[in-house]
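Subject: Structure for your files, with notes

Dear colleague,

Please find below the structure that I promised to pass on, followed by my notes on it.

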Amino acid sequence: YSDGMTLYISADPGVKLENLKKNARISISICNNPKPEWTSERDWATAKSALITGKPTLLVDTVLNAGQIALMLNASPLHSWADLSDLSVNLIDDEIIEQVISHHPSGLHYIAVPSYPLAGDTFTEEFWQFIIHKLRQKYPFVIVDTAHDFSNVTIQMLDAAEYVVMMLAPEMASIRAAVCA
């Protein structure tokens with residue numbers, strides 16, 4: 001959509017995956033009102049946005065019972081959170097964490113949930129605090145996809161967040177659901 005942007009995330013179905021396939025490095029732009037038909041730089045100059053460009057970025061799926069990051073990336077990761085489910089925190093080191101991180105051809109790194117649901121209490125609060133601390137040391141940008149509830153995992157991720165961005169469709173049902181959350 002715009003020169004200099006590697007990945008443009010929009011509400012239009014299918015756009016994100018097509019951009020991921022075409023681009024070798026990750027840039028994510030969150031805009032106030034982007035319009036795909038915009039063609040000039042002047043049009044884009046009016047949009048307010050936040051841009052993450054060319055930095056190592058990790059996308060973390062914490063929806064343990066129904067995560068979809070791997071599905072949306074059209075990926076079949078060999079490793080997931082399930083690899084850590086039987087380990088106590090004191091046994092987890094940088095090498096073990098690196099093993100559960102998958103690498104998408106676009107350059108995006110991600111941690112997926114397994115193809116089967118994990119119980120919400122599979123991991124302790126201590127585990128999530130430890131993992132987020134380790135991931136923040138390794139990546140300048142850690143983007144966490146949380147569940148649409150206030151489970152312990154979601155609360156741990158919100159507490160650890162430097163910024164919280166709520167994604168929703170520009171329609172009344174989505175706005176109402178967001179207000180009710």
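Predicted model: local features only at pLDDT ≥ 70, side-chain atom pairs only at ≥ 80, totals over all residues.

Is Ser 102 buried or exposed? Ser 102 is buried, because its relative accessible area is 10%, where buried stands for under 20% relative accessible area, exposed for over 50% and partly exposed for what lies in between, with a 1.4 Å probe and protein chains only. Residues are numbered from 1 along each chain as its sequence is written, and side-chain values use heavy atoms, with hydrogens and water left out.

The protein has 7 helices and 6 strands, taken as DSSP runs (H or I of at least four residues for helices, E of at least two for strands) and numbered from the N terminus. Their order from the N terminus is α-β-α-β-β-α-α-β-β-α-β-α-α, and 33% of the 181 residues are buried. With contact meaning heavy atoms within 4.5 Å, 64% of the contacts between residues at least 6 apart in sequence join residues at least 24 apart.

An open sheet of mixed pairing is formed by 4 strands in the order β4-β5-β3-β6, two strands being paired if DSSP finds at least two bridges between them. Its edge strands, which each pair on one side only, are β4 (102-103) and β6 (141-145). Ser 102 belongs to strand β4 and, not counting residues up to four places away in sequence, touches Pro 77, His 79, Leu 108, His 109 and Tyr 110. Strand β3 (residues 57-61) and β6 run parallel and are joined by 5 bridges, with Asp 61 opposite Asp 145 in β6.

In the loop between β3 and α3 lies Thr 62, which counts as buried because its relative accessible area is 3%. Beyond residues up to four places away in sequence, the contacts of Thr 62 are Trp 128, Val 144, Asp 145, Thr 146, Val 153 and Met 157.

Pro 117, by contrast, is exposed, with a relative accessible area of 56%, and is placed in the loop between β5 (109-111) and α5 (125-138). Pro 117 is 51 residues from Ala 66 in sequence, yet 6.1 Å from Ala 66 in space, C-alpha to C-alpha. Leaving aside neighbours within four places in sequence, Pro 117 is in contact with Leu 64 and Asn 65.

With kind regards
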